[in-house]
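Colleague: Hi! Could you walk me through this one while we both look at it?

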Amino acid sequence: MKVAFATENMLEVDAHFGWARKIAIYEVQPEASRLVGIAEFAGDLAEDGSEDKLQPKLEAIKDCAIVYVAAIGGSAAAKVVNLRVHPVKVPIPQPIAQIIERLQEVLKGTPPPWLRKVLLKGQERSFDFAEE
């Protein structure tokens, strides 16, 4: 699954979603992970009520299952959830590598219900309505 991290320094989750200058995107599997993309954003990203700056970020994470952020505003969180991306707040800066390791440990075991649902992103659901 693809996982996004709002970051300023490419080492930690240390950025507010709307203000992030970079979003690092990793492919994460139980036994391996790799950086698959870096989305960079320029211009005035300060809190100003303008939601135009969110569109490029939403486009960057649309294929991700989870986005880790230091903070995220309510309307931005709603837009992220609408993409079927699960936002996770990290209240103090944490190393991306550490978060990936913890996520991999969870993936090796029995993921909690919210993560099982996230893992289904992009998979078609099929229902068997065959008559018996």
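Modeller: Happy to. Let's begin with a term: a salt bridge is a side-chain nitrogen of Lys or Arg within 4 Å of a carboxyl oxygen of Asp or Glu. This is a predicted model, where local features need pLDDT of at least 70, side-chain atom pairs count only at pLDDT 80 or more, and totals for chains, interfaces and linings use all residues. Residues are numbered from 1 along each chain as its sequence is written, and side-chain values use heavy atoms, with hydrogens and water left out.

Colleague: Great, how many salt bridges does the structure hold?

Modeller: There are 2. In one, K62 pairs with E59, with 2.6 Å between the closest N and O atoms. In another, K108 meets E105 at 3.4 Å, N to O.

Colleague: How far apart are K108 and E105 along helix α3?

Modeller: They sit 3 residues apart in helix α3 (residues 96–108), so about one helical turn separates them. Helices (H or I, at least four residues) and strands (E, at least two) are DSSP runs, numbered from the N terminus.

Colleague: And is E105 buried or exposed?

Modeller: E105 is exposed, at 51% relative accessible area, while K108 is partly exposed at 43%. Buried means under 20%, exposed over 50%, and partly exposed in between (1.4 Å probe, protein chains only).

Colleague: New topic: where is H86 found?

Modeller: H86 is in strand β6 (residues 86–89), and is partly exposed at 28%.

Colleague: Which residues does H86 touch?

Modeller: Leaving out residues up to four places away in sequence, H86 touches A65, I66, V67, W114 and V118; contact means heavy atoms within 4.5 Å. V67 is 19 residues from H86 in sequence, yet their C-alpha atoms are 6.2 Å apart.
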